[in-house]
Amino acid sequence: MEKEIKTFLIPNDLCKRAGIAGTWLALDQISVFAYEKRNIRQKDQPSHFASTTQSSVFHLRQDVVLFHPILRKLVNESNGVFLAIQSLISSKNADLRLELFKISRQYRSIIRACLENLQDEHTKSEKSDEKLELQNYITVFYSIECIWHLCEILFIDTMPGNLVLSQLLEWVSFHFPEYERNAASMLAENVVGLETRSEYWDTVLGALLQGRIKLVRALLKQHSSSDNSTYRLAEQILKAMPTFNGPGGSSLNELNMQWRHWTMDVQSKIDSKLFSTEKNLDLMMRLIVGEEKAWIEIQDKCEVWYAYLAGWLFFTEPTVKSFELGQFAKRAITKLRMNNQMKQLDKVLLAAMEFDIFQVIKEIQHMYDNGWFVSHLTDLLYHCDRLCDLEKEVPDFSAEKLRESFILDYGTTLMGHKSLWQVGLTYLDHCPNDGLQVIELLLPRIHMDTEAKAQKVVREAKNRELNNVVQSVCKVQGMLSMRRGRLGNALSWALKSQDGPFTSFLADEFLQNYIKSGRLSSTDLLDNLGSGMLVSDRLIFLGKYYEFHKLYQSGDYREAAALLISLLASKIIPKYFWYILLIESIPLLESGDLLFSSNDTFTIMHCMEEKKDVPELKDKLDILRLAATRNLSRALTFEAQIIE
Amino acid sequence: MSHSLHGTFVSEKINKIRWRPDSYNSHFFVTGSIDNVENNIKLWDFCENVEEDDIYPFLVYNLPYCGDITEIKFINSDFFASSSSSGSAYLTRVIPSYSESTSLKNEIEWKNIHQFKNGDASPCTSVTVYDNDIVTVGEDGSINLLNGKSSKILRKIDDADSCSIQCVIFLKHNEILTSNLRGQMKIWDLRVQDSNRPTSTFMISGEQVTPTCLTYHPTQRHLVITGDDLGALTTWDLRQNTYPINVLNGHEGAISEVQFNPEYPDQLFSCSSAGEIWHWTTKGEAVPSLLTPNVETNVWLAPDNVKNKLDVFTLMPTLGKPINSLDLNRNRVICGCDNEAIYLINGVNL
Amino acid sequence: MLEAQDIQAEHKDLIHDVAYDYYGRRMATCSSDQYVKVWDQTTEGKWIQTSSWKAHSGSVWKVTWAHPEFGQVLATCSFDRTAAVWEEIVGELPGPGERGTRHWVRRTNLVDSRTSVTDVKFGPKSQGLQLATCSAEGIIRIYEAPDVMNLSQWTLQHEVQSKLPCSCLSWNPSLNKLHPQMIAVGSDDANPANGGKVFIYEYNENSRRWTKLETIGSVVEPVHDIAFSPNLGRSYHILAIATKDVRIVNLTPVEDEQSLQSGVTKLDVQTMAQFEDHNSLVWRVCWNLTGTVLCSTGDDGCVRMFKMNYINSWKPVAVLKGDSSKAQCSSNNAANGNAVTAFSGTARYIKLGSISQTRETPWH
C-alpha cells in the first residue's frame with residue numbers, strides 16, 4: 001500500500017548549501033543543524049562555510065493536534081472510558097457485549113461534545129488562521145464520529161438476525177440531519193401549501209430516502225392538493241407499507257411476502273398511470289418499487305453514496321443482512337460512478353461495510369496523524385473479540401500485538417507532554433508486553449523542576465515497583481540539592497532512597513565542612529536522624545559525633561566522655577577525623593572531675609600510638625600524651641582506693 | 001448519603017482550588033494550574049439549573065501565571081495570596097464589576113523571594129495568611145514574612161531549615177508551624193527578632209515520612225492534623241507536642257489536602273494522590289457535659305479509639321489520578337485533579 | 001505538521017555535533033571553531049547560551065552528556081588527539097541577590113591517543129561511570145572513574161586494538177545488570193578487501209578483558225556512525241549502521257555448547273532493513289528514546305526518519321531538508337482566546353512547509 005511521505009523544508013540557506021544532520025532532542029522533538037562531514041584526515045582548518053554566515057540549530061516538534069486545549073478534554077475524558085473498559089474486562093462481566101456497546105456510545109458522545117466545543121470556539125474566534133485550524137479539527141472529528149458510528153453498528157452492536165437496515169438509516173439521518181430539521185421547521189408552521197417553499201420537494205425526497213415515511217406523510221398532508229385523489233392514493237400506499245416490528249412481530253419470510261405484495265400493488269398502480277398527473281409523486285412511487293430509471297434520476301440528489309445506498313436498500317432489500325452490505329455498497333458506488341473519486345472517508349466506510357476490519361484499521365491509521373482514533377477503536381474491537389477472527393485470515397497477524405502497538409504508541413506520545421504524562425502512564429500500564437519497560441525508560445526522563453513533581457514521579461515509580469527509577473530520581477534530586485549548597489536536603493533525598501554510598505559521601509562532606517569551618521551545619525537535621533541513620537556507617541558516626549558535641553556543650557561531660565570512648569572503640573571513625581577526636585579528648589582528660597577510667601585511658605593511648613604519624617596530630621601529640629598519662633595516674637589511684 | 005456530583009474537564013491540571021469567601025452566597029471559586037507551558041489562575045462561577053438538577057461551572061476570568069501555582073489562600077473576599085514554583089508570591093485582587101465580568105489583577109508581586117544560593121530559582125512551596133499578614137516558605141529553606149499592604153519583605157528568616165520547607169500554617173497571629181521534607185515540624189515565634197531558630201521542633205514520625213499537608217481545627221487551633229506521604233493522618237495537640245494523639249491510616253496514596261469544615265468543626269475532609277476524597281464524621285453528637293467540664297469533648301483530641309468514633313464516607317468513586325486539592329463551602333465541596341478536571345459535590349450530608 | 005524553533009548557534013564555523021542532556025533541557029554544541037557551547041532552556045521555552053569556551057586546540061568532533069546522577073558532566077573528543085571530561089561547577093557561593101557564576105572546568109584530559117580521537121561515549125550508568133573513546137589509529141580505550149564523586153581521577157582500564165581505523169562507537173544501553181557490557185565499533189577504512197567494518201566487543205567477566213565477539217561481514221563499506229537501539233527488555237539487540245546506506249541489524253545471542261563452555265557469547269547477525277533512500281553516503285544515525293524511530297543524515301543533504309511497525313518491519317516516514325525560501329513566521333499563539341501572554345519571549349515556532357511524494361520503490 002502506498003503511503004505518502006512528507007518532506008519538510010527547513011527555511012535556512014546554510015542548511016540548503018551544506019546539508020543537514022539530525023539528532024533526537026526529546027520524545028516529540030528532533031534537532032537539526034547545518035552539517036557537512038569533515039574527513040578527519042583532512043587538514044584541520046576552517047571549512048569553507050566558516051564565515052559570517054550564522055549557523056542555527058533548529059528544534060522541530062510535531063504539532064500534536066491532541067494537545068490543543070479543547071482536544072485535551074477529549075484525551076482526558078476518553079482516558080476514563082478506556083480505563084473503564086480495562087477494568088470491565090478484568091471483572092469478567094457476564095453482559096460484556098452490552099456493556100461494551102454502551103461504552104462505544106460513550107466514546108461517541110465524548111467526540112460529539114468535543115465537536116460542539118470546537119464549533120463554539122470557531123464561532124467565537126475572530127482570527128482567520130485560528131478559524132481555519134478549528135475548521136480542520138471539526139472536519140477530522142466529524143469524520144471520526146461517522147466512521148465510529150458505522151463500526152459500532154456493524155461490529156459492536158448485536159442485532160438479532162443481523163438485520164442492519166434500521167441502524168443504517170439512523171446512521172445516515174444522523175449525519176444528514178437537514179431533511180429532518182427542515183421538515184420539522186416547516187411542519188411547525190402548521191400551514192397548508194408548504195410546497196411553495198423552495199426546499200419542500202427536496203425535503204420530502206430526502207426524508208423518503210432516509211426511510212422517514214411518517215415524516216413524508218406529514219409533509220404531503222400539508223400540500224395544498226393533499227385532498228385530491230392522487231395524494232390520497234399516495235397516502236394510502238405509504239400508510240400500508242409493511243414494517244419490521246422487531247423480533248416479536250412477523251417473521252422474515254412473512255415480511256418478505258408482505259413486501260412483495262405491496263410492491264406489486266404499487267407497481268400496478270404506476271402502470272395504470274394513476275400518478276402521471278403528479279410528477280413528484282410518480283417519481284416517489286417509482287423509487288419505492290425500485291425502478292432503475294427512477295433511481296438513476298435521483299442520483300445527483302444524493303450527497304454521498306451511502307445515503308443513496310441506505311435509501312435504495314430500504315426500498316429494495318429491506319431485510320438486508322449486515323454481511324451482505326459490502327456487495328450492495330460496491331454496486332451503489334459503481335452506479336454513482338464514484339470508483340475513481342473515492343475519498344479516504346469513503347474508502348474506510350466501504351471497507352467497514354465489507355467487514356474488512358483489517359483494512360478499516362489500516363486506513364484509519366493513515367488518515368489521522370494522531371493515534372487517538374485508531375488506538376481506542378482497535379482496543380474496543382479487540383475486546384469485542386472482533387480481531388481474533390483476523391488471525392486466521394491474515395498471515396503473521398496477532399490481534400494482541402496490533403492492539404498493543406497502537407496503545408504503546410499513543411501512550412508514548414502522551415508521555416512527552418508536560419501535563420498528560422500521567423495519562424500516558426495509564427495507557428502503557430495496559431500494554432502487557434512492553435508497557436512496563438517503556439515506562440522504565442521514560443518515567444525518569446520527566447523533567448522535575450520542583451520537589452513536588454519529583455515526589456509525584458517517585459510515587460508513580462513505587463506503585464509500579466520500579467525501584468531503579470526511584471533510586472535514580474532520588475539520586476538526581478540529591479545531586480541537585482548539593483549543587484545548590486543544600487547538604488541537608490541532599491541527605492534527606494539520600495535517606496529516602498536508602499542510598500548507602502551517597503549518604504556516606506554526604507556525611508563526609510558534613511565532616512569536612514566541620515573541619516574547615518569549625519561548625520557543624522544543618523544541626524536540625526542531625527538532631528533527628530532516626531532509624532534512617534543505619535543506612536551508612538559514616539552517617540552513624542556523624543550522628544554520634546553530633547551527639548557528643550551537644551553533650552559537651554550542655555556540660556554533660558561525663559556522658560560526653562563515655563560517648564567518646566565508645567566512638568574510639570568502634571570501627572566507624574573516618575581516617576581523616578581521628579586526630580580531631582583525639583584532640584577533642586584533651587580537655588576532657590584535663591577536666592577537674594575524673595571522667596575516664598583507666599581502661600578508657602588505655603583505649604585513648606592505644607589509639608594515640610596507632611595514629612601518631614598523622615601530621616595534623618604532630619603539634620598536639622605531646623600535650624595529648626601528657627594529658628593521657630596524667631589522667632591515667634589519677635584513674636589508677638582512684639580505682640586502687642575503691643578496691644581498698 | 002445522596003449528594004450530586006458534577007465534573008468538568010478544564011484542559012489543565014488543577015493544583016489548588018479555593019472558594020471565594022463571600023457572605024452573599026455567591027458561587028465564585030478560583031483554580032490554580034500546574035504542568036502547563038503557561039499556567040493560569042482562573043476565576044469561575046457556576047450556574048445552577050434546578051429543574052435538571054444540573055450544575056455547571058463557567059469561566060469568568062483567566063489570569064496567566066508564571067510558574068506552577070503551589071498554594072492559594074484567600075485573605076478576604078477581595079484579596080488572595082498565591083505562591084509560585086518560580087519562587088515568587090503574589091497578592092491578587094478580585095475586582096467585581098457590574099458592566100463587565102469580574103476580573104482578577106495582581107496587586108503586588110514579590111518577585112523571586114525564594115532563591116538558592118547558587119542563583120537557581122527556588123520554588124515557593126506554600127503560603128499562609130492571617131489577616132493581612134502573609135508568610136511564604138520554599139525549597140531554599142527560608143521563610144518570608146510579608147504583608148498585604150506593602151510590597152517589601154518585612155522579614156526574611158534565612159536558612160530556617162536545612163531541608164526544603166513544604167508546608168506552613170499560622171497557629172496564632174505570631175506563631176507559625178512549618179514542616180519539611182524529612183518530616184520535621186517546627187514552631188516559630190515571629191515576635192523573636194534576629195533569630196533563625198524555631199521555638200520547638202518535633203518529628204512527625206520515627207521513620208522518614210514526609211508530611212504533605214497541614215491544617216488546624218477551626219475552633220481549637222492547638223489541634224493540628226498532618227497528612228503524610230504514606231496516607232496517614234496524624235493528630236497533634238500542640239500544647240504538648242512530643243507524641244501525636246492519633247494516627248489514622250487509611251488512604252492509599254499521599255494525602256494532598258486535609259480540611260475541617262469551618263461551620264461543622266468536627267467534620268474533616270481529605271483527598272489523596274490515589275484519587276480518593278473522603279469525608280470523616282463523628283458518629284452521633286458529642287454532648288458537652290456540665291458535670292465533667294474538663295473531659296475532652298472534641299473527638300479529634302480524644303486519645304485512642306478514635307477510629308471507633310468516626311465514620312468515613314467516600315464522596316466520589318476513586319479517580320485513577322491524584323486529587324490535589326479540595327475546598328469546602330457549607331455543604332458543597334469542590335476538588336481539583338490531575339485528570340485535568342474539577343468536580344463539584346453538592347449537598348454533602350453534614 | 002512540524003513546527004521549528006530557530007536558535008542562533010553563534011559558532012564561527014559549522015557545528016559537528018549537538019547533544020542534549022537527559023531531560024532535553026540543556027544542549028551542548030561543538031564545532032570546528034574549537035569551541036564548546038552550552039545552552040539552557042528557560043521555563044518559557046527559549047534557549048539561552050550559558051557557557052562558551054575553547055575546549056581543544058583542534059576541531060571538536062563529538063560532545064556527549066553523562067547521566068545526571070553524576071552531576072552536570074560532558075565529554076568531548078577532538079582532532080587534537082585528546083578527549084576531555086568537563087564538569088559544571090558553581091563558583092564561590094556569592095552573597096544574597098547575586099547570581100552564582102557557572103562555568104565548566106576540565107576535570108581530566110585523556111591524552112593516550114596518537115591520532116585524532118573520533119568518538120567518545122559514556123557507558124550505561126549501571127556499571128558506574130565509564131567512558132569509551134576510539135581513534136583513527138584503531139584503538140578503543142575504556143576509562144573509568146573509580147570514585148564517581150571525584151571526576152578528576154580516571155584510570156585507563158582497557159585498551160583494545162582493532163585492525164582498522166575507528167570512526168565511531170556505541171555502548172549497548174541495556175538496563176539489565178546481568179547482561180555483560182557490549183560495545184559496537186565502526187571503521188571508515190575504504191578498502192573492502194580488509195573485511196567487515198563493524199566489530200562487536202563484549203566484556204568477559206571471567207577473563208576480565210574485552211573480547212571481540214563478531215565482525216559483521218556484510219558491511220564492507222566504510223562506516224561513519226553506529227548506534228545501539230534503546231533496549232526494551234528484548235533478548236536481542238538492534239544496531240543501526242550508517243554506511244553507504246542505512247542498515248538495521250539484529251544481533252541475537254545464541255546459546256549453544258561452545259558459547260556456554262567458553263563463556264563467550266555467540267551472536268546471530270541478521271540484517272533487518274537496508275535503506276538506500278539517501279542515495280548517497282550516510283553520515284549519522286540516531287535513535288529516539290524508545291527505539292521506535294531511527295533518524296539518519298546523508299550526503300543528499302537530508303535527514304530521514306524510519307519507523308518500525310508492529311510486525312517488526314521498518315518503513316521510511318518523513319524527510320527533512322534545507323530550503324532557501326523565506327520562512328512564514330507565526331508566533332506561538334496562546335491557547336485560550338482571551339488569555340494574553342504576559343511573558344514576552346515565549347518560544348516562537350514557525351510552521352514548516354512540506355511537499356508530499358509517493359514512494360516510487362516499495363522496499364522488499
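## Briefing on chains A, B and C

The domain assignment, automatic or taken from a database, divides chain A into domain 1 (13-62), domain 2 (67-159 + 359-429) and domain 3 (166-320). This is a predicted model, in which local features need pLDDT of at least 70, side-chain atom pairs count only at pLDDT 80 or more, and totals for chains, interfaces and linings use all residues. Residues are numbered from 1 along each chain as its sequence is written, chains are lettered from A in the order in which they are written, and side-chain values use heavy atoms, without hydrogens and water.

**Chain A: domains**
- The C-alpha centres of domain 1 and domain 2 of chain A are 39 Å apart.

- Strand 4 (residues 39-49) of chain B is joined to strand 5 of chain B by 11 bridges, and the two run antiparallel; strands count as paired if DSSP finds at least two bridges between them.
- B:Pro57, in strand 5 of chain B, lies opposite B:Phe46.

**Chain C: overall make-up**
- Chain C contains 1 helix (a DSSP run of H or I, at least four residues) and 27 strands.
- Of its 364 residues, 57% are buried, that is, under 20% relative accessible area with a 1.4 Å probe, protein chains only.
- Contacts (heavy atoms within 4.5 Å) between residues of chain C at least 6 apart in sequence join residues at least 24 apart in 44% of cases.

Methods
Buried < 20%, exposed > 50% of the residue type's maximum accessible area, 1.4 Å probe, protein only.
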